[in-house]
Number of protein chains: 2
Amino acid sequence: MSLIPKGASSYQALADRWLKAHHLGHLQSIASWDRAACMPSKGNEARAAAMAEMSVLLHELLTPQDMAEQLAAASGEALDESQQANLREMRRHWLSLTALEAKAVRDLQLAGARCEHAWRSQRPANDWQGFLPNFREVLRLSREKAHALSQKLGIAPYDALMDQFEPGLNSAALDVVFNDLRSWLPQLIQEAAAKQKSDKVLKPTGPFPVEKQKQLCEAVMRLLGFDFEAGRLDVSAHPFCGGVPEDVRITTRFNEADFMGSMFGTIHETGHARYEQGRPKAWLGQPASRARSMAIHESQSLFFEMQLGCHPGFLRRLAGMIAEHLGQQAAFEPDNLAMLLTRVKPGKIRVDADEVSYPAHILLRYDIEKQLIEGQIQADDIPALWDEAMMSLLGIDTQGDFQNGPLQDIHWPMGMFGYFPCYTLGAMYAAQWFESVRQSVPDLDLLIAQGKIEPIFNWLGEHIWQQASFWPTDDLTVQASGQALNPEFFQNHLRRRYLAA
Amino acid sequence: MSLIPKGASSYQALADRWLKAHHLGHLQSIASWDRAACMPSKGNEARAAAMAEMSVLLHELLTPQDMAEQLAAASGEALDESQQANLREMRRHWLSLTALEAKAVRDLQLAGARCEHAWRSQRPANDWQGFLPNFREVLRLSREKAHALSQKLGIAPYDALMDQFEPGLNSAALDVVFNDLRSWLPQLIQEAAAKQKSDKVLKPTGPFPVEKQKQLCEAVMRLLGFDFEAGRLDVSAHPFCGGVPEDVRITTRFNEADFMGSMFGTIHETGHARYEQGRPKAWLGQPASRARSMAIHESQSLFFEMQLGCHPGFLRRLAGMIAEHLGQQAAFEPDNLAMLLTRVKPGKIRVDADEVSYPAHILLRYDIEKQLIEGQIQADDIPALWDEAMMSLLGIDTQGDFQNGPLQDIHWPMGMFGYFPCYTLGAMYAAQWFESVRQSVPDLDLLIAQGKIEPIFNWLGEHIWQQASFWPTDDLTVQASGQALNPEFFQNHLRRRYLAA
């Protein structure tokens, strides 16, 4: 049985195949959300096996033997510009997918699931030695993956892993950006912290009942335009945005002593969610409709959290909603909220880091994981390098504290190497977008203070969400903001927010 | 690429294939649960497409062209008794699956999803005419399915549909049982109702907060041995037991005015759940490990709800738990609970029916759906036949009330013809099992009153749950209870509970 219907084009046959993968991937996405938000512990083994089986199946579905010919034939067909972009994305995914045997995909997924599952209890037990055997296997398989991708794509092994999350990104370009960051960040952290020393900040007085926090989070999501008929808010240990574009599932976590964490975590995930909900509906199922990259994805969450969410005008609006849900407190005044959200205090934990010291955590991880993948260092070498970098970048002693050191993140246990740079690139893109919105929307600060934020979403929808993967990241960036990624926007944003008088 | 590894047996190749289907079916099951318990409205179309795609895929996976030869080859291999049973089940499923084209599977699933989705709003609107067009298509495709199965299995069309839920059941045998029921049930309903006329029953005084009800339900589930590390309790519009054997998802629904509904709904689903949680672990993924049939499945839920749950000794234990969670009320006394649970009052709604009049609802549906499938009547004929049967069996006028008439159940909109008889067969099996437990466990009534119910679960585990599909239903029944299905146990149970002095 041929998969190309008689008389149909090769392009159409490829599009049908991608749509089928989209349908089956839907089940994988929902199961993945369920695993984090609902699944009881004894369900894990069966779930991991089910998801690994589906990974293999999706891999096989998108790498049939005749796809090379189909892609070649399709490129000779009369396609419009969007279809050409779609075909380009099909070829890009196919190239990466064919670099790996189905068995390698399954082995890495199973090793990652095993390592991550054990890590859940090894982290609280500070058990680095217990973690190592599982992790060595994840690293071994990740190196094999990087090597195979490197051969196929003709780029360096670590670059090949980054390319899976941020197409076109390479370490040479990234080093320029990150070395610049390295040159001014540590001093900016010190100056910002010093400047804040005399600030008098009021701490909100809890407890704040979980049910009230949840209602507040949902009210903020509505203000930010989240469509509750096409998504949900739930709870998980590690907040994330998952599900499918037609039904986006975001999560947060609640702590009765601190409502700011759940609220700003929710604002962050709502940025991811609106990107997904805003993807072009007519193209769903096709690779061109996917979010452009993970750096662009993080640029949306960080735009919502850091650019819009911490904007003084938005905080005035938020202050009213907080008081409405949690009662009146002096600590809820907008100026105090702004101070609470901008405290610069270097610490051990990446996800708890302030906006200024956060990039230091990324520099550290980037340096280590690049060497890990390139084989210059081994898993055993991580703690010493970690301690050294934390001392040098943030002046913090982390010796022996594995649970708040290299065991803190889920990425490495799961074999997600090459992702970390996207967080800081995302912060940079977010700052660049915000300046573009400012150019395009008159009286932006006033509108935000009045809660008239729809023009901002319209700009993001038009320039980012609807553009999906129809352009390479650099083209998307130039079309949206008039220039390629320019880290000066981020530096200026930090200097303005943290050092201006 | 051959699916039979070199040197491996045909049986092993078949077993591997079934295991793969088990893994992929896991995702389908979780997505199905999610659809009912979590999914927002705009997710429906994409979910239906995803699940239809998976149905086709599972169908193709279990009906490859060379399976006939594999099954034949496997039957000549050296297999132990359990493997032979597994091979028998493989062949049974394969026969049914090959009766249908993948396209027919997808068409029926999509038509059912469409009809069921529209029915959700048509039912409250009492919109029988609006329902008909979608339903005619579901019926048309169901008849085609019945016809195709009939040809393949060599049995009558309606019997072929029943066979999908209750292997081996046919209308000739069922008519003997149901005609007997018809001969004494209407009178028993009248006698029981008359006998209860002078009873003084106290109604519990609400409201009962949902959170308290949920805690009570979970406490009762724990008493009944539900493993919360391998399952959950959630909320859905129509309670069901779903998920996978390693992670069983049951649902209930809460009404602040009535805690008895959520509690006994939960007890019912817990019976289904323990069957699933109790299936032989080493065999999961193989067809022999599946629950034997839907009548046997309903026998477990009805054993929990009607035999154990309404037992006077169990009610003494339950009364304490109710008071603990909802406070003291005279209505919570065990004798009053027993009266509340056994009120015989014929009504329009099957799921609200008492134990005695419930089988009348099944007789009605069986008569109608059998004629529908056999083409003796059309969709338009249903209301008149419904009204006539309701008047004759229960003396109730249902004319014009479609939402509490033929629109009340989800089964027909979804194309689930042939299922209804399983409910009443399940009630009959449950009564038969309870008598067998009584033979096997000394001082049963005393133990139940003391809350020492583990021996009951041990009996069910040994005779039903662990036996899974290793035996045809009749053999399972004889081995468990010393005889084939004997409806007298059910009649005796009803007479004892409802007519004894």
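Let's start at Pro207(B). This proline sits in the loop between helix H8 (171-195) and helix H9 (210-223) of chain B. Look at the bond before it. The peptide bond from Gly206(B) to Pro207(B) is cis, and omega is near 0 degrees. Bear in mind that this is a predicted model.

Now the other chain. Pro207(A) is in the loop between helix H8 (171-195) and helix H9 (210-223) of chain A. Gly206(A) and Pro207(A) are joined by a cis peptide bond, with omega about 0 degrees.

One more backbone point while we are in chain A. Asn126(A) has phi near 55 degrees, which is positive in a residue other than glycine. Where is Asn126(A)? In the loop between helix H5 (102-122) and helix H6 (128-153) of chain A.

How far do we trust this? The model has an ipTM of 0.92 and a pTM of 0.93. For chain A, the average pLDDT is 95, and 98% of the residues reach at least 70.

Next, symmetry. Chain B superposes on chain A by a rotation of 179 degrees, with 0.0 Å of shift along the axis and an RMSD of 0.1 Å. The two copies are therefore related as by a two-fold rotation axis. Which C-alpha of chain B is nearest the axis? That of Leu27(B), at 3.0 Å. Both copies use the same surface: 100% of the contact residues of chain B recur in chain A.

On to the interface itself. Here 28 residues of chain B contact 28 residues of chain A. On the chain B side, the elements giving two or more residues are helix H1 (10-37), helix H2 (44-61) and strand E1 (231-235). H1(B) gives the largest share, nine residues. What is the make-up by class? The chain B side has 14 nonpolar, six polar and eight charged residues.

Now inside one chain. Chain A splits into domain 1 (10-165) and domain 2 (210-343 + 425-471). Their C-alpha centres are 28 Å apart. Across the boundary, 18 residues of domain 1 of chain A touch 18 residues of domain 2 of chain A. On the domain 1 side, helix H1 (10-37) and helix H4 (81-98) of chain A each supply two or more residues. H1(A) gives the most, with 11 residues. By class, that domain 1 side has 10 nonpolar, seven polar and one charged.

Last stop, a sheet in chain B. Three strands make an open sheet, ordered E1-E3-E2, with mixed pairing. E1 and strand E2 (241-244) of chain B are the edge strands, and each pairs on one side only. On average, neighbouring strands are turned by 25 degrees against each other, direction ignored.

Take one pair. E2(B) and strand E3 (residues 247-252) of chain B run antiparallel, joined by four bridges. Within E3(B), Ile250(B) is the residue that stands opposite Cys241(B).

What lies across the sheet strands E1, E2 and E3 of chain B? Helix H10 (residues 259-277) of chain B, running at about 165 degrees to E3(B).

To recap on E1(B): this strand is an edge of the sheet, and E1(B) also gives two or more residues to the side of chain B that touches chain A. That's the tour.

How values were computed
Residues are numbered from 1 along each chain as its sequence is written. Chains are lettered from A and ligands numbered from 1 in the order in which they are written. This is a predicted model: local features need pLDDT of at least 70, side-chain atom pairs count only at pLDDT 80 or more; totals for chains, interfaces and linings use all residues. Copies are superposed by least squares on the C-alpha atoms of residues with pLDDT of at least 70 in both. Two residues are in contact if their C-beta atoms, placed from the backbone, lie within 7 Å. Ala, Val, Leu, Ile, Met, Phe, Trp, Tyr, Cys and Pro count as nonpolar, Asp, Glu, Lys and Arg as charged, and the others, Gly among them, as polar. Domain bounds come from an automatic or database domain assignment. pLDDT is the predictor's confidence in each residue, from 0 to 100. Two strands pair if DSSP finds at least two bridges between them. Axes are lines fitted to C-alpha atoms, for helices over the stretch in contact, and angles run from 0 to 180 degrees between N-to-C directions.
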